[in-house]
Amino acid sequence: MAVTLNLQPALKLTPGQFAELAQINQDLQLELTATGALIIMPPTGGETGNKNFEIYIDLGLWNRETRLGKAFDSSTGFRLPNGAVRSPDVSWLKLERWQALTPEQRKKFLPLCPDFAVELVSETDEIQTTRSKMQEYLTNGLRLGWLIDPETKTVEIYRQNRQVEVLHSPATLSGEEVLPDFILTLQPIW
């Protein structure tokens, strides 16, 4: 289970201080909420790590073929417009948005929200916390998001200006217009 440290009002981390803290503690998976709380997430277990990898590799192979953007793993931090620093399990950014970043910006937490993000619910995740994170991505510019819960075999699809769609035991997921022709087969996840 993730641990949340509420630092305010005693301490408010600047983006630079948070980046330094994350750099010093590379063995920890850290996120920062928009309100300044520090989240320390435990490493995933083998099953969750493998499922993350299956999703990541499929997206990576599609992206290598299409060259439409840049794909990222769960170690990549995104500094969202609301000030939060989040690390989706799998994410993708349209190439034009990547190219608009300076070389210096590319080396640090990326100062934007990804176009696409996946959160895979693990044994230590709280579903409502993960749903809130998906809503936060949407509010900050996410175009398509998947919250995948292997335990219940459900997928929640998050899109701009639409209600969350819930699918039960789907065989595949479509990248829709955000990831043209990308199809994720969920058999390895279920």
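Me: Ground rule first: buried means under 20% relative accessible area, exposed means over 50%, and partly exposed is in between (1.4 Å probe, protein chains only). Why is Glu165 called partly exposed?

Reply: Its relative accessible area is 32%, which falls between the 20% and 50% cut-offs, so Glu165 counts as partly exposed. Bear in mind that this is a predicted model, where local features need pLDDT of at least 70 and side-chain atom pairs count only at pLDDT 80 or more, while totals for chains, interfaces and linings use all residues. Residues are numbered from 1 along each chain as its sequence is written, and side-chain values use heavy atoms, with hydrogens and water left out.

Me: What makes Glu165 and Arg159 a salt bridge?

Reply: A salt bridge needs a side-chain nitrogen of Lys or Arg within 4 Å of a carboxyl oxygen of Asp or Glu. For Glu165 and Arg159 the N to O distance is 2.9 Å, so the pair qualifies. Arg159 itself is buried, because its relative accessibility is 8%.

Me: Which residue forms a salt bridge with Arg159 at 2.7 Å?

Reply: That's Glu176, with 2.7 Å between the closest N and O atoms. Glu176 sits in the loop between strand S12 (172–174) and strand S13 (183–185), and Arg159 in strand S10 (residues 154–159), so the pair ties together parts 17 residues apart in sequence. Strands here are DSSP runs (E, at least two residues) and helices are too (H or I, at least four), numbered from the N terminus. Glu176 comes out at 24% relative accessibility, so it is partly exposed.

Me: How do you know that Arg143 forms a salt bridge with Asp115?

Reply: Their closest N and O atoms are 3.9 Å apart, so the pair falls inside the cut-off. Arg143 is in the loop between H5 and strand S9 (144–149), and Asp115 is in the loop between helix H4 (103–107) and strand S8 (116–120), 28 residues apart. Asp115 is buried because its relative accessibility is 2%, whereas Arg143, at 30%, counts as partly exposed. Arg97 joins these two in a network of salt bridges, and the whole structure has eight salt bridges.

Me: How many aromatic pairs are there?

Reply: Six. Rings of Phe, Tyr and Trp (its six-membered ring) pair if their centres lie within 6.5 Å; planes under 30 degrees apart are stacked, over 60 edge-to-face, and the rest tilted.

Me: Why is the pair of Phe72 and Phe78 called edge-to-face?

Reply: The centres are 5.6 Å apart and the planes are at 90°, so the pair is edge-to-face. Both Phe72 and Phe78 are buried. Elsewhere, ring pairs link Trp62, Trp92, Phe116, Trp146 and Phe182 into a cluster.

Me: How do you know that the span of helix H5 agrees with its 13 residues?

Reply: The expected span is 1.5 Å times one less than the number of residues. For H5 (residues 127–139) that gives 18 Å, and the end C-alpha atoms are 18 Å apart, so the two agree. Buried residues in H5 include Met134, Tyr137 and Leu138.

Me: Why is the protein chain called as compact as a globular protein of its length?

Reply: The chain has five helices and 13 strands. Its radius of gyration, taken over C-alpha atoms, is 16 Å, close to the 16 Å that the globule rule (2.2 Å times the number of residues to the power 0.38) gives for 190 residues, so it is as compact as a globular protein of that length. Buried residues make up 42% of the 190.
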